[in-house]
Each structure stands twice: as C-alpha cells, then as structure tokens.
Amino acid sequence: MSKSIDFQTDPSQYRHWRVEYDGPVANLYMDVDEDGGLFEGYKLKLNSYDLSVDIELADIVQRMRFEHPEVKVVVMRSGKDRVFCSGANIRMLGGAEHGHKVNFCKFTNETRNTYEAAEDDSGQKYICAIRGACAGGGYELALACNHIMLTDDSTSSVSLPEVPLLAVLPGTGGLTRVTDKRRVRRDRADVFSSVEEGVRGKRAQEWGLVDEVISNSRFDATVDERAREFAARSAKPDVDKGIALTPIERHFDAGGVHYSLVEVAIDRDARTATVTLSGPDADAPATMDEVVAQGADFYLLRLARELDDAILHLRFNEPEIGIVSFHSQGDPAQVMAHEELLLANDEHWLAVEILAYWKRLLKRVDVTSRSLVAVVEHGSCFAGVLSELLFAADRSYMMEGEFEGDNRPTATVRLGAGNFGRYPMGNGLSRLETRFLGAPEMVEAARGRIGEPLEAEEADEAGLVTFILDDIDWEDEMRIFYEERASFSPDAMTAMEANLRFAGPETMETRIFGRLTAWQNWIFIRPNATGEDGALQRYGTGQRGEFDMRRV
Amino acid sequence: MSDLINVSYDTQIPNNVGLSSDRRVLKALEKWHPGYLDWWNKLIPQKFQESFVYLRTAVSVDPKGWAKFDYVKMPEYRWGVLLAPEVESRTIPCGEHAGQPAWQEVPGEYRNMLKRLIVIQGDTEPASVEQQRLLALTAPSLYDMRNLFQVNVEEGRHLWAMVYLLHKYFGKDGREEADDLLRRQSGSEEAPRMLGAFNEETPDWLSFFMFTYFTDRDGKMQLESLAQSGFDPLSRTCRFMLTEEAHHMFVGETGVGRTIERTCQVMKENGIDDPTEVDRIRALGVIDLPLIQKKLNLHYTLSLDLFGQEVSTNAANAFNAGIKGRYMEHKIDDDHKLTNDTYTVWDLEDGKVVQKDVPALTAVNMRLRDDYTRDAMGGVKRWNKIIEKAGVDFELKLPHEAFNRKIGVFSGGLFDPEGKVVTGAEYDAEQANWLPTHADGDFIQSLMKPQYEQGKFAQWIAPPKVGIDNKTGDFEYVQLYMA
C-alpha cells in the first residue's frame, strides 16, 4: 500500500455518496461503488467502506458547513436496498499494513467527531435513518449522528459484531459512544457487543441504542417529518449562500509539498518534515462581508485548509517521517488582526465556521502520532491561533537575542483572546489550561498579557516555550534535538507523546482516541486477530479464527 | 587574573582549540572561570597558594611544549585546554558504527550517554584535589610537596578539559553540568562527589601514594577507554590527559617504593630480618611491610569497585554505541563489535567463586578491570625487587578480586585475600591482618610530620633516585611562603 493518498476531492469526483439539497434539509445517501476502493484486492460490497469512502464523507461534511450554510438538518441514509452499511471492509482491513489500519481508524474517528459536533458548533444536526442491516462501522456512523431512527421491519437491526465475528473492536468510537453518549447500561452494552446479529426493533429503542423505532410503512414519511421539524426548531440563523471551497493550490515534488501559505520540506535522512506557515500577505479585511467575498482565499481559511491537507499527507504518505517541525514567518500583528476580526464577529456564520475549523484542525494536530516541535525563529508569527501550535507541540524552542547576520524582526510569541477557550482540546480544556494543569495561575497571568509581543525571556517566564536559546547555542542544540528525537523508537515516541499530551479530564473524545484506539491497536498486532490463522485473516473462509486462549 | 574582561585567552589559557575565536566557549568559560578560581582558592591552604612551586605547565601538545618547568604560584597556574593532534581520517573503533568516520560533533542519539560519561570522569578530577587538600601540611619533603601540587594542578587541568568539552559540545545542559562540577564537593553531605571512593579523605601520605598508584590507575584505564571513543574531541582530550596521568602513577609507584626502600634499609641497619617484627620496626619510625600489604589490599580493592558491576548494560551500550572502547582497542584483533563473543568473568554460584563465560559485550567493564589488574601488577613486581634487593624475605601481593568488595557479585560474601570463602568468625579473627586497623592509622598519622627543610626527607621515606626535570632531590622544589 505505497500509493499516495490524496485527501482533496469534490462532488464531481464522488463515487460513494450523493447529496440531495432540499432547502434546510440535506439528504445524504451512502451508495458505495463496489469497485471504487482505494486499493486492489477487495470489493466494497454491501455498503462497506474503506478510506476512499471516508475521504468523500469528510469532504461532504466540510462543504456542508462552508458551501451549504442554509442546511440545518442532514439525513444520512443508505442508497442501497437491504443494507444500511456493513461497516469497514474486512478484506481491506485484513490486507492493510498495521500503520494504515491505525491511520484509517484515526481519520474515520475524526470525521465522525466532526459531524457529531456540527450541531453544537454550527447548528447542523445529523439524523441517521436506518433501513437494512446497520453493522459495525455502519452503526458507528449512526452513533455519531445526533438522532438515530430505525425502521421496525423485523429484519433491520443495529449491531456491533466485531468481537464475535472478527475478534477486533468497534474501533471508530462504537463501544465508547454506546456507553458514554447513549448511556446504554453496561451489561446490556456487553450483551449487545457480543452478539453477531445485534438488536432489532423495540428492544433497540428500549436499550437506548436508537432514538426512535418506526413502523416500516411510515418510516420514510416520519424521517422527512422529523427532519422538517428539527429544521424548523433549529436556532441556526438563515444564511442564503455559502462560499465555495475552491481547490487548494499545491505542488508535490521530491523535496516536499508546496502550498500557497504552507511549505512542507521533507528531510528523509533526518526523518523530519519542516512545516513553515506564512503570515498574511495583506491587511485583515475590515468586515465579515469582505471575508465572505474573499471566501476560500481568506487568510485563516486558506491556511487551515492547506495545513490540514499537509498533516494528512504526512500521516498517510510519509510514515517514516518521525518529527514534524512547525515554523512560521510573517507579521504577527497581521495574524492577530485576522483572528480578531473573526472573534469580534463570532455571531457571523462564516466566522463561526472558520474558528470551528481551526478547533478541529488543532485537534487533528494533537492526535498526530509524530514528534511535534514548534520553532520560534526571528521573523516568525506565532500569534493568536498560530501560537496554539506551540502548545500542541511536544516541545518548543525559541530564539533569544540577536543572531549574527539575521536582521529579521526579533522572535516573539503573542497570545490572543482565542487562546483561552476558543480552541479546546479533546479533553475539553484549552491547550494553555492543559499545559498549566498544575499552575492555573499561569493561565490567568498569561491572560493578562494578551496582545503583548513577548520576547524570549518573557515567553520563557510565562511558561509558553520549552527552551530559549541564543545565537551561540541555537544551531547545535537544534541539531542535537532533531538527531536524538529521530533516533528513538517510533513506537515509544508515539506512546509517550500520546500519554503526555492529554493531561486532565477524560472526555468521550479522549476515551475514543486514548482508550478505545489504544486497545484496538493492540488487538491489531495480536495473532488472534491478525495472525495467519487469526479471525480477521480467516474471515470469509468458513473457518473460525484460531485463538491463543491465554488471557493477557 | 581578576580582570577577566581583559584576559587574553590565548595566552592565559594555553590551548590548541582556537579558543580566542570560539564565541560559545569563551562566553561559557568567562562565566565558569571565576567559580573555578574561587574553588581553588578556598581549597588549598593559604600559605601554599602564596608559595612558588616548581611546576610543569603544558603550553602546547608538541614534545617541546607539553612540559615547561618553572616556579609559579598555584592560583596563577595556566590551566590549558589541550587536545592531542587530530588523526587524519580516524574512524569509530568499535561497536555498531565501527569503521565509520569518527564524529567531530556530538551525535544526537548518544548525547546524553556521552554527557554522563564526561560528567562522571570530570567529577573525579576535582574530587581528588579535594581529598588531598590538607596533605601539604605533613609533606615528608619539598620534593614530595611539589609532586602533590603537580598532581593537584593537573587534576585541575583535567577538570578544565572536561569542562571544555561540556561547554563546547553540550550547550546549556553542558554549562549547567560544568557548574555542578564545582558545586559538588568531596565528602559533602549536601552535594557529594558522584563516586563513593572520591568522598573519602586522603588522610596521610602513604594513602596518597596508594591512591595515586591504584585509584589514579583506574582513572587511567577510564581515560584509555575514552581515548578510544568514536567522538573524536573526547578521544583527543583523553589521549593528551594520559600523558599527564603517567606522572601521577609515577608519584604513587615511587612513593610506595621509597617507603619500602626506607623500611628495608632501617630494618637492615638495625639487624631486623623478620619483617613481621612489627613493634620493633615501628619503634624505629618506619612503616612495616605487613602494614604496606594491608594498605595495598585496601586501596586495590576500593579501586576495583570503581569499575562497577561485572556484567554491565551501561558499559555494553557505550561500547556498542562506539563512545567508549576497550583498553588498546586498536591493537585488539577481533571484529570490534563483540556481538557473538564471550568473555570469562568471576561469579559466585552456590557460595562458591567460579569462572564463567558471559556475552563479551556485557563484560566490557570486566575486561577493562582485568587489564587494570595486569597493569597494576607491574609496580608490585618492582616493589618486590626493592625488598628482594635489600635481602628481606617478604613478598607483596595483589589480593584476589573477591576480597573486600562493596560492589559486584562478591559484595555479598566474605572472602580472604586468596579468594577463599570464610566464615564471619574467621573473617573477624583475621581482619586486622588483612586490612589496616584504626591503630595502624594512628601509627601512620604519628609519622606524618612535615619536613620543609630543603634537601631533607622524613624518617619514614627514602629520597628519590633522581629529582624532577633532571634536578637533584635536594633542589628547592617549593619556595615556601612564610607569613
């Protein structure tokens, strides 16, 4: 699976989904093209999915927010007759390398989280209308919706058959959402998760697995009715027209990826990707009307889309790059001005969407399994939302004092109002709150310095950077850091970083990424699932998996 | 020296590392230097600070420059930063990187391991000066006092050498470690030196000689193995340090030798043939040979402990990383990787001392210790020659390595100097014959009277055959400052 995976798509290229827009309601049909999988060797039968299906879904959800702000309710349905969705394709999973499986699950989790949060973030509510079998990853698609409706046709069911059938877990939030979101009693969840055929009809509602069970004859009408009803009750303001998410400009070559505002330079020997973000090339617009007119070209939106694509590219296509080093160059005041315009207009739909997108993007950075370092050089613009990267990174280094032959403006860090809760992490806290879990007064002190250009010593005192280094030490210390970091075991790094990044409270999100995913990834390397005679490999052969019966 | 701003670093600090154009190290040294002087000035008693000492100063690494002799006040000694000349196209001598070009910069993945090794080595250098700080007050001659100070200033220079590496290659961490080298003090409760043996005071001159012979020899072996480092600046530093370390061992060997020589001479003069007639011998103001054997037993075994555990993962890692080699690595005829070799070590099985084969990589420490033992044997043979020549029937011996150990497989048991397991009762009964007692210590202390008169030597020690720098033994090696 060495082919390069592209996360950019648009409706003209969709093979697996279609959307019918009907005023405030959008009907989203999953109709997977069997032959449209990303890789050879499997057919996407019975509305099963692989990454290609999820890339389209992620694109749809994103465009729903920016291009169709008039939509208040999205109804997710199946475009096939007797099946809603049978989950992730088993042959794909059986054939995929471990790293791909892990990344695949992570990306699908991020997409589920995105549409799940759409209701809170921007008033777009997702209804799932289930007719036909809704199994495994299929039910996980449903679980991430805000309202689940199931037809009572005596065959349609919801199920999580992963354990009995495949000896793996429902790893896209399934187990977690059943208990944490839907609050299903744990003994019932235990029963539910161990029976292959799942639960049908009334019992599904009784147990809380779905919100409504409707007789088959009235199902379509009721779904439509419910959609209208939710749309009418929605607090989401009416917006006539969205903006177009035009294709992003980028160019791949041996040295990396080049976007308009993001430069990814790959050093394969050093196993390091240097990601340099450019500041704005013009002053911030004065009004949101101007932002709407700029559309996808508006600085903070363009930057977010490019960085998002760069991160996904690194995750999937550059598995041997162990370190992502964030740099920036530009005018910090201009970065602040752009963000401040959005914060000052956070009733405006587009401001809401761009800020929420940064929240999602920064979370994507948080769960990226590479060593992240932020490097605050002279001339950099780690200001406001961009300074969040310092707090998302595992470490940060900042230039202190004058550097010989370097006449760029002195390195500073600037905090904005947005750093104090606008971009929470998966644990529900701001990155600064998480950083200063043991010293909450530091957060308050930092709040008092909003807008100030903090030079190295001040930034260090405020606890905003890990190390400040002068001209004399800089080059050597940085070299040593990169060399040392790249020499550690990638597994140990992934595990250590994942443990250190998310201090503080557990949320459903941290439980999905920290607990469910970690267990799932453990199972993925155990012979009981993925060994030659493991359940995942034997699926479809008629033979059961052979298990090592020792409990670990 | 107090006007630091105007210090010309190329003249005040003899160096061959381009110090005057190295901003990073200069800046770091400017901060560290006053602390070092302060440490030195507080350490050595004032009247010796003011005295003129006939010292050797290394001003360059070529044969003409590395040993300049002149009178100098110790605080004005020119501690230099000197590395042995670079060997062209040197390669990493051992481990998984063997054969690759030697590192001129610290490889990131081994930075912490290297730093730890350098810090431990660096910590021993000032520690021995601290341990010996009061010895000049009981010096048996000006010649010996001068040798003591020579050892002291050179240990000081070795500290500089390690600090230079820390400043030059380890950034902020390195500067902090360099500061801590001055913060720790031998025997301090607050911040003791890192290795136990370096927190014991050197109470008398026989201990000093034994220390320089046995413990400095451990230092020599460590330097030998670091001289094999794939990190070239460390290798070059240690190679040059070894030229100075040889003098320390010379002080130890000749010091013990002269003590033995004097004892045998006095015994003969007084018609004592039996070396075990301890009381009679002691009454004549010289140190009996059985006591010298006991001191040897003690210092040798303490020094063995400095090599650490017999089977050591740290040592294996350092060897495999190519940052610490074996003694004379370049002369050893094997693949220098040791991935499939074994090495024979002593072990304790069912209470018995046995030899067994372990993976050679994990036994790198042991091998170095065996090399040490062989190296230490040489002086013992020469001491026995002195005894034999004097016609006394006595032979000094290195005890078995199981005897009196606090570290390693033997630390849990009781053994006699032959390596035989003994009971607690047997040990108690014989301990006074194997190791110095407090009474022995009192006796040695009673002999420790200073002899500051030019050309004279204390009763218990013979004059040297030749002096330093081709001077005679009665040369005025120290012009004592009399307040």
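**Stop 1: confidence**

Colour chain B by pLDDT. Chain B averages 91, and 98% of the residues score at least 70. Now select helix 1 (residues 9-12) of chain B. Among the elements of chain B, helix 1 has the lowest mean pLDDT, 68. The highest mean, 97, belongs to helix 14 of chain B. Next, select residues 1-6 of chain B. Here pLDDT stays under 50. For this stretch the model has five contacts beyond four places in sequence. Where pLDDT is low, the predicted coordinates should not be read in detail. For the complex, the predictor gives an ipTM of 0.73 and a pTM of 0.85.

**Stop 2: the domains of chain A**

Now look at where they touch. Ten residues of domain 1 of chain A are in contact with ten residues of domain 2 of chain A. Which elements supply at least two residues each on the domain 1 side? Select helix 1 (51-66) and helix 3 (98-122) of chain A. Helix 3 of chain A gives the most to that side, with seven residues. By type, the domain 1 side divides into two nonpolar, four polar and four charged residues.

**Stop 3: strand 4 of chain A**

Select residues 73-78 of chain A. This is strand 4, and six of its six residues are buried, so strand 4 is largely enclosed by the rest of the structure. Show the side chains. Val73(A), Val75(A) and Arg77(A) point one way from the strand. Val74(A), Met76(A) and Ser78(A) point the other way. Both sets are buried.

Strand 2 (residues 25-30) of chain A pairs with strand 4 in the parallel sense, over six bridges. Find Met30(A), which stands opposite Ser78(A). Then select strand 7 (residues 125-130) of chain A. Four bridges join strand 7 to strand 4 of chain A, and these two run parallel. Here Met76(A) stands opposite Cys128(A).

**Stop 4: helix 14 of chain B**

Return to chain B and select residues 438-447, which form helix 14. Which residues of helix 14 are buried? They are Asp440(B), Ile444(B) and Leu447(B). These three cover an arc of only 55° around the axis, which puts them on the same side of helix 14 of chain B. An α-helix has 3.6 residues a turn, so residues three or four places apart point the same way.

**Stop 5: where the chains meet**

Finish with both chains on screen. Ten residues of chain B are in contact with ten residues of chain A. On the chain B side, select helix 2 (23-43) and helix 6 (171-183), the elements that give two or more residues. The largest share, three residues, comes from helix 2 of chain B. Colour the chain B side by residue type: two nonpolar, two polar and six charged.

Technical notes:
Residues are numbered from 1 along each chain as its sequence is written. Chains are lettered from A and ligands numbered from 1 in the order in which they are written. This is a predicted model: local features need pLDDT of at least 70, side-chain atom pairs count only at pLDDT 80 or more; totals for chains, interfaces and linings use all residues. Two residues are in contact if their C-beta atoms, placed from the backbone, lie within 7 Å. Ala, Val, Leu, Ile, Met, Phe, Trp, Tyr, Cys and Pro count as nonpolar, Asp, Glu, Lys and Arg as charged, and the others, Gly among them, as polar. A residue is buried if 20 or more other C-beta atoms lie within 10 Å of its own, exposed if 12 or fewer, and partly exposed in between; C-beta atoms are placed from the backbone. The arc is that of the directions from the helix axis to the C-beta atoms. pLDDT is the predictor's confidence in each residue, from 0 to 100. Two strands pair if DSSP finds at least two bridges between them.
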